[in-house]
Amino acid sequence: MNDFFSNVALTPRQRALFLGFCALSSALITFALPSYFPLSEPDSGGYINFDPTRTALYPLFLQVLRSLGFGLQQVTVIQLLLFSLALPVLLAALLRAGMSRGLVVLFVVLMAANTYFSSFYATILTESLYFTVLVVGLAFWIDYLRAGRAGHLAWAGLCVGLSIGIRPAALVLVPMVVVSVWLKWHQRQASAVLLAVALIVPLAAGALSERLVYRLAHGGASASVTHYVMMGKASMLVREDMVFTGPHAAALTALARQLYRTFRPAHEFLDGLPSVVAWPVLTAFYEAVGQFQTLNDEVAATAAQLGIPAADLKIELGRQIIINDIPGYLRLTLIHTIGQWSVKALTFPPAARAVNRYVDSLANPPFARLFNEVVLHPPASASAIVVYPAFMLAGLISLLLSVVLLVFLVQPRLGDTPPGQYLMLAAFFAATCHVSMIGISMINLSTPRFLMAIYPQLLLSGLFLAMALVSPARRFWGRPEPLPGVVDRPEPA
């Protein structure tokens, strides 16, 4: 039993059995727990129909499986199977990093038991394929941060590139790939040129593969959801006195005034909201209204008069409104960053009671017809008493750990000892979480769906922090502390 909670070396057979047990356990837990999502979500249609506003790799994945005769329900089984095959790659890297089998099992259980995370395999959304690629990329990332080998960097970069092709939001991971190179620069085992090639070529190849598939599927035409995103920002930031420039200034001014009149009740609703906990979540709901439900006919008519695409007009309107109110844009980004961590915030009992009282006091809440009843009359949830504070605390701790990474950026050699390496890994993955959440909040709104995309990194950060704290204690009590990687045989040079 003591060996289970230490990093005692395993024979190849023992390791294979252990990794297989973990993968099987993860799949069984996922199957046993009820799915948080239905088979098809509102976004699913765009992937199933290979919509040009969607990146191409996940629609291609669906198209290939459906051409082989698999129905959507069977696709979800394959999604879980692929993840179960990829998971041991990451778990093996954790063993090489010195993590005990007990902590590895805890990692597996915490991933599978979080139904919001594990349910993505049971629905037609990009997250299922994204997580499969991500766990493989995390494995090579951990190996690179341990040993500084160019090959590990190349594989990690390729996985990040493919992740971008699956979910464009993965672009926010690119700066962290560069950070990881700096952290191991003093221990590099290749020339600077070779490292640059290992960094750039696989990363670009992964991302460009999506562009190739997209072009084959849609020809030279290109579309995106940028105009929706910009219209959402415009709705949340527009003010009556904004000044516009350029050849369409008059049209933009008229649209902005219409938008302000349309959305002013929503701003007044949010300004009067009595719950700080519910505020970021409802802000995101109203921005979603702005993205898809605001002035569509008016913008289309104006664009037709100007002879330009409506999407371009929305983008220009959003761009100039943001420029007019940079402080407001930064404030909105901060609200969404907090909102990313606000899992089950609306059903947190104090917030639910406050929102219900507030909404009931209003004769006609703005855009009420567009919201599910649960949004404006959220039921109090007992589980939210645990879940909401837990994720908010995790966000705070990981934010503090992200600041610790600055120390390693200044003094990378602090990560050369076992406790230092564990703390560096904890800080690195914590920073990955917050860079992702801040980056997404700048270009989109907040939703737990985005937080779940960094859930594995969040768990890794916490487990490596625990290892960093326990490691000095072991030495203090006279127990030898092995170097990270003792669970593996020496790797070939």
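1. In the second largest cavity there is about 40 Å³ of space, and the structure in which this cavity sits is a predicted model. The residues that line the second largest cavity are V133, L134, G137, L138, W141, A156, C159, V160, S163 and L173.

2. Where does the lining of the second largest cavity come from? At least two of its residues are supplied by each of α7 (127-147) and α8 (150-166), and α7 gives the most, with five residues. Sorted by class, the lining of the second largest cavity holds eight nonpolar and two polar residues, with no charged residues.

3. A search of the whole structure for cavities of 30 Å³ or more finds two, and the largest cavity holds about 50 Å³ of space. The largest cavity is lined by Y130, R167, A169, A170, V172, L173, S436, M437, I440, F450, A453 and I454; L173, which is on this list, is also named in the lining of the second largest cavity.

4. For the largest cavity, helix α20 (residues 418-443) provides the largest share of the lining, namely three residues. The class count for the lining of the largest cavity is ten nonpolar, one polar and one charged residues, whereas the lining of the second largest cavity has no charged residues.

5. Turning to pockets, the second largest pocket contains about 380 Å³ of space. The lining of the second largest pocket is made of 16 residues, of which N114, V343, V387, F391 and Y455 are the closest to its centre. Two or more residues of this lining come from each of the elements α6 (115-118), α19 (384-410) and α22 (455-476).

6. Which element gives the largest share of the lining of the second largest pocket? That element is α19, which contributes five residues. By class, the lining of the second largest pocket comprises twelve nonpolar, three polar and one charged residues.

Definitions and conventions. Residues numbered from 1 in each chain as written. Predicted model: local features only at pLDDT ≥ 70, side-chain atom pairs only at ≥ 80, totals over all residues. Heavy atoms only, no water. 1 Å grid on protein atoms, 1.4 Å probe; cavity = no way out; pocket = protein on both sides within 12 Å on 5 of 7 lines; lining within 4 Å. Points joined across faces, edges and corners; volume = space filled by probe spheres on them. Helix = DSSP H or I, 4+ residues; strand = E, 2+ residues; numbered from the N terminus. Nonpolar A, V, L, I, M, F, W, Y, C, P; charged D, E, K, R; others polar.
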